[in-house]
Amino acid sequence: MRAALAEANRAEAAGEVPVGAVVVVDGEIVGSGFNQPISTQDPTAHAEIVALRAAGLACSNYRLTGASLYVTVEPCLMCVGALIHARIGLLVFGAAEPKAGAVQSMCRSLDHPSLNHKVVVITGVLEAECSAVLQGFFQRRREGNILTTPLS
């Protein structure tokens, strides 16, 4: 999770919402990413997606069976779909996302009975630190101390 937090800090330095993710296979980070939708003008460039893409390239396979995804914030519905398609075995996240979290908060998408892939979930890892990164970012943004690219 510390590596995911480092990625979140990279996101904030780039003017993005500070979310970071890493994919681990056999104890080794094979993919990492941070939120980049503003800078890349790509609505799918969430930290999880960026990390999964990097891991797929590193492993020469779009299936990451048995891999673990560590992310600082509860994934959204799009990212949950991606980790199911990648066949991630373990999802570990820090802070819940009450408005858009699709694991336990807004909905429990991993529990859908039609899914043929099950993901083990561990929540609350370094939760206070992960929450503080997000809360600090949005507090500074409300105070006008963070510049981001305006949305059109």
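Q: What makes the five strands an open sheet in the order 2-1-3-4-5?
A: In this predicted model, five strands (DSSP runs of E, at least two residues) form an open sheet in the order 2-1-3-4-5, with mixed pairing. Strand 2 (28–34) and strand 5 (120–123) stand at the edges with a single partner strand each, so one side of each has no neighbour in the sheet.

Q: How do you know that strand 1 and strand 2 pair?
A: Two strands pair if DSSP finds at least two bridges between them. Strand 1 and strand 2 have six bridges, in the antiparallel sense; they therefore meet the definition. Gly 33 in strand 2 is the bridge partner of Ala 21.

Q: Why is the set of 29 residues called a nonpolar core?
A: The term denotes buried Ala, Val, Leu, Ile, Met, Phe, Trp, Tyr and Cys residues joined through side-chain atoms within 4.5 Å, where buried means under 20% relative accessible area (1.4 Å probe, protein chains only). The largest such core has 29 residues, and Val 23, Leu 64, Leu 83, Ile 88, Leu 91 and Leu 110 are those with the most contacts inside it. Helix 4 (77–86) is one of the elements that supply at least two residues, and helix 4 gives the most, with six.

Q: Which residues does Leu 110 touch?
A: Contact means heavy atoms within 4.5 Å. Not counting residues up to four places away in sequence, Leu 110 touches several residues, including Val 80, Leu 83 and Val 121.

Q: On what basis are these values given?
A: Residues are numbered from 1 along each chain as its sequence is written, and side-chain values use heavy atoms, without hydrogens and water. Local features need pLDDT of at least 70, side-chain atom pairs count only at pLDDT 80 or more, and totals for chains, interfaces and linings use all residues.

Technical notes: Buried < 20%, exposed > 50% of the residue type's maximum accessible area, 1.4 Å probe, protein only. Helix = DSSP H or I, 4+ residues; strand = E, 2+ residues; numbered from the N terminus.
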